[in-house]
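Subject: The structure I promised you

Hi there,

Here is the structure we talked about, so please open it up and have a look around.

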Amino acid sequence: MLRRHFMALSLSSAVMLAGVPVLAQAADTLSPPQLIETMSNEIIRDVQQDPKLRSGNPEVVMQFVEQKILPNVDFQKITQSAVGRYWREATPAQRTALEQQFKQLLVYTYAGAVKQIKDQKVKLLPYREPANAQDVTVRTRVINNGEPLQLDYRLENTPAGWKITDVNVMGIWLVDNYRSVFAQEIGQKGIDGLIATLKEKNQNLAQAKG
């Protein structure tokens, strides 16, 4: 089941990446929808203007993901939410390993999606969150070959600025989807078994890119 989920995630990753923001301005100067819109357009522009990114050069793409995408995502929160109730049972070492492996998996996913960015456009839907809200949802549509694809974000206001804590791709929230997959994997193999599965998947992806 976990393998099938990875395949589905890869198919939707280009849509996700087209909307993932790059933190080029202070987060406290922009509202969440302004941040998503402005930075989404920047990431598309950067890929379009860099021949090495467009060609899928592995080293350049991975560096781009590490520098431009990861700072805007709260991986600890995403991992904790995806692991769910089992997070309380995990040791500190297991929590660290889960976060590292899950983060690496998403890095590979985003790196694969960079090569698929072409002429996508991002359109924001009406934003109705209270001005003082600390956890918000920004709804967008990514126009891909004329077709609007749903891409929504959950963001949390942290001391380091607004951070993405979940992504909804075409009606499926990433954290909710992984939570059910991870629960089944832990039920069958335990927490260490899930860590081993994620590590194996990352090793295979690293070999494929090498």
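Two strands count as paired when DSSP finds at least two bridges between them. With that in mind, β3 and β4 are a pair: they are antiparallel and share eight bridges. In this pairing, Leu151 sits opposite Val169 of β4. The two strands also make a hairpin, with two residues between them.

Before going further, please remember that this is a predicted model. The mean pLDDT of the protein is 82, and 83% of the residues reach at least 70. Helix α5 (residues 75-83) has the highest confidence, with a mean of 93, while helix α1 (residues 2-19) has the lowest, at 47. The pLDDT is below 50 over residues 6-25, a stretch that still has 68 contacts in the model beyond near neighbours in sequence. Where pLDDT is low, the predicted coordinates should not be read in detail.

Now the overall layout. The protein has seven helices and five strands. If you take contacts between residues at least 6 apart in sequence, 56% of them join residues at least 24 apart. The accessible surface is about 10600 Å², with 47% of that belonging to carbon and sulfur atoms.

Back to the sheet. It is open, has five strands in the order β1-β2-β3-β4-β5, and its pairing is antiparallel. The edges are β1 (121-124) and β5 (172-173); each has a single partner strand, so one side of each has no neighbour in the sheet. β1 pairs with strand β2 (residues 135-144) over four bridges, and Val122 stands opposite Val142 in β2. Between β2 and strand β3 (residues 147-158) there are 10 bridges, again antiparallel. Val136 has Leu155 in β3 as its bridge partner. β2 and β3 form a hairpin too, with two residues between them, and Asn145 in the turn has a positive phi of about 55°.

What about the inside? The largest nonpolar core has 40 residues, and Val65, Leu98, Phe102, Tyr178 and Phe182 have the most contacts inside it. Helices α2 (32-49), α4 (58-68), α5, α6 (92-114) and α7 (174-209) each supply at least two of its residues. The largest share, 10 residues, comes from α7. Apart from this core lies another, of 15 residues, including Ile36, Leu151, Tyr153 and Trp162.

Thr79 is in helix α5. Is Thr79 buried or exposed? Its relative accessibility is 1%, so Thr79 counts as buried. Leaving aside neighbours within four places in sequence, Thr79 is in contact with Trp87, Leu98, Glu99 and Phe102. Leu98, counted in a like way, touches Thr79, Val83, Trp87, Ile191, Leu194, Ile195 and Leu198.

The other one is Thr165, in strand β4 (residues 161-169). Thr165 has a relative accessible area of 11%, and it is buried because the cut-off is under 20%. Beyond neighbours within four places in sequence, Thr165 contacts Asp74, Lys77, Ile78, Arg154, Leu155, Glu156 and Val175.

Methods. Residues numbered from 1 in each chain as written. Predicted model: local features only at pLDDT ≥ 70, side-chain atom pairs only at ≥ 80, totals over all residues. Heavy atoms only, no water. Contact = heavy atoms within 4.5 Å. Areas by Shrake-Rupley, 256 points an atom, 1.4 Å probe, with all protein chains shown as cover. pLDDT = per-residue confidence, 0-100. Buried < 20%, exposed > 50% of the residue type's maximum accessible area, 1.4 Å probe, protein only. Core = buried A, V, L, I, M, F, W, Y, C linked by side-chain atoms within 4.5 Å.
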